[in-house]
Structure formats: structure tokens, C-alpha cells
Amino acid sequence: MEKVITISGKNYKMKASALTQFLYKNDTGRSFISDLQRLANMQNNFKGDVNESINAMDDITTTLLKIAYTMIKQADKEQVGTYDEFLDGIDNLYDDSNWIQEVIEFACSPISRQLQKN
């Protein structure tokens with residue numbers, strides 16, 4: 001599946017398929033499914049200590065950006081350079097934060113049954 005998601009005013013074509021989880025593992029050394037499950041859990045637990053919420057938001061943002069970058073490269077490598085160049089092109093992550101939920105939902109689409117079992 002392909003979808004265009006806007007991050008900081010820029011449209012990025014992203015692709016999500018069974019291959020995405022393996023590309024993510026190759027790029028980050030982390031489990032795609034575990035990270036998505038962790039994101040879902042963190043999203044549901046935003047309350048309490050401000051420092052804990054800030055740390056959770058930092059972790060969510062970092063993981064989401066890595067997932068988004070993987071899906072952008074999978075759709076079309078010409079859209080972005082290195083991960084650092086991708087990040088440097090983002091002026092403001094939170095002016096429009098709709099991208100956060102869009103990336104999570106889109107990334108889950110090829111594996112949603114696996115996540116529901118966990």
C-alpha cells in the first residue's frame with residue numbers, strides 16, 4: 001500500500017508492506033512490531049509526571065520518525081537522502097501533529113492482525 005503523509009508541510013509518499021518490518025530491522029536493528037506495540041502502549045499512557053510524559057514523547061517521536069523514514073525510502077528513495085538530511089528538512093514536528101497518528105495507522109496496516117493478538 002502507498003499513502004502520502006504530510007510532515008512539517010512536506011508531502012511524503014510512503015509504502016507499507018510485509019517488507020517494511022524487515023527494512024526497519026535492517027536500518028535500526030530493532031523489531032518493527034515490538035516498536036509499534038510499544039508506541040501504541042505509550043500513546044495510551046500519556047498522563048501523570050511531566051518529565052515522564054516528555055521522555056515518552058521523545059521516545060515516540062524518535063521511533064515514529066525512524067518508521068516514517070523507512071516507509072518513505074521504501075516508496076521512493078529519491079524523496080530523501082540520509083536519515084539526518086530527512087530530519088534536517090523538518091522545520092516543526094508539532095505544528096500539525098496529524099502525521100503521528102497517520103504514520104502509526106499506516107505502518108500497522110500490513111501487520112494489524114499480529115498487533116491485535118499481542
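Mentor: Start with polar contacts. A polar contact is a pair of N or O atoms within 3.5 Å; within protein, one must be able to donate a hydrogen and the other to accept it, and residues adjacent in sequence count only if both atoms are side-chain atoms. This is a predicted model, where local features need pLDDT of at least 70, side-chain atom pairs count only at pLDDT 80 or more, and totals for chains, interfaces and linings use all residues. Residues are numbered from 1 along each chain as its sequence is written, and side-chain values use heavy atoms, with hydrogens and water left out.

Trainee: Which backbone nitrogen does the side chain of Thr20 reach?

Mentor: That of Ser17, at 2.9 Å. Thr20 sits in helix α1, residues 18-28. Helices (H or I, at least four residues) and strands (E, at least two) are DSSP runs, numbered from the N terminus.

Trainee: Is Thr20 buried or exposed?

Mentor: Learn the scale. Buried means under 20% relative accessible area, exposed over 50%, and partly exposed in between, using a 1.4 Å probe and protein chains only. Thr20 has 1% relative accessibility, so Thr20 counts as buried.

Trainee: What does Thr20 touch?

Mentor: Contact means heavy atoms within 4.5 Å. Not counting residues up to four places away in sequence, Thr20 touches Lys15, Phe32, Thr70, Met71 and Gln74. Now look from the other side. Gln74 belongs to helix α3 and is buried at 15% relative accessibility. With neighbours within four places in sequence left aside, Gln74 contacts Lys15, Ser17, Leu19, Thr20 and Leu23.

Trainee: How many salt bridges are there?

Mentor: First the rule: a side-chain nitrogen of Lys or Arg lies within 4 Å of a carboxyl oxygen of Asp or Glu. By this rule there are six salt bridges. One of them joins Lys3 to Glu102, with the closest N and O atoms 3.8 Å apart. Lys3 is in strand β1 (residues 2-7) and Glu102 in helix α5 (residues 98-108), so this pair ties together parts 99 residues apart in sequence. Both ends are partly exposed: Lys3 has a relative accessible area of 32%, and Glu102 has 24%.

Trainee: Which residues are linked in a network of salt bridges?

Mentor: Arg30, Asp35, Arg38 and Asp59. Take Arg38, which is partly exposed at 24% relative accessibility. Its side chain meets that of Asp35 in a salt bridge at 3.1 Å, N to O. Arg38 and Asp35 both lie in helix α2 (residues 32-44), three residues apart, about one turn of the helix. Asp35 is buried, with a relative accessible area of 3%. Arg38 also forms a salt bridge with Asp59, at 2.5 Å, N to O. That pair links distant parts of the chain: Arg38 in helix α2 and Asp59 in helix α3 (residues 50-75), 21 residues apart. Asp59 is partly exposed, with a relative accessible area of 30%.

Trainee: Which residues touch the most other members of the largest nonpolar core?

Mentor: In soluble globular proteins, nonpolar side chains tend to be buried together. A nonpolar core is a set of buried Ala, Val, Leu, Ile, Met, Phe, Trp, Tyr and Cys residues joined through side-chain atoms within 4.5 Å. Here the largest core has 32 residues, and Ile7, Met14, Ile67, Phe86, Trp99 and Val103 touch the most other members. Elements β1, β2 (10-15), α2, α3 and α5 each supply at least two residues of this core. Its largest share, nine residues, comes from α3.

Trainee: What is Trp99 in contact with?

Mentor: Leave aside its neighbours within four places in sequence. Trp99 then contacts Ile5, Thr6, Ile7, Leu64, Leu65 and Leu93.
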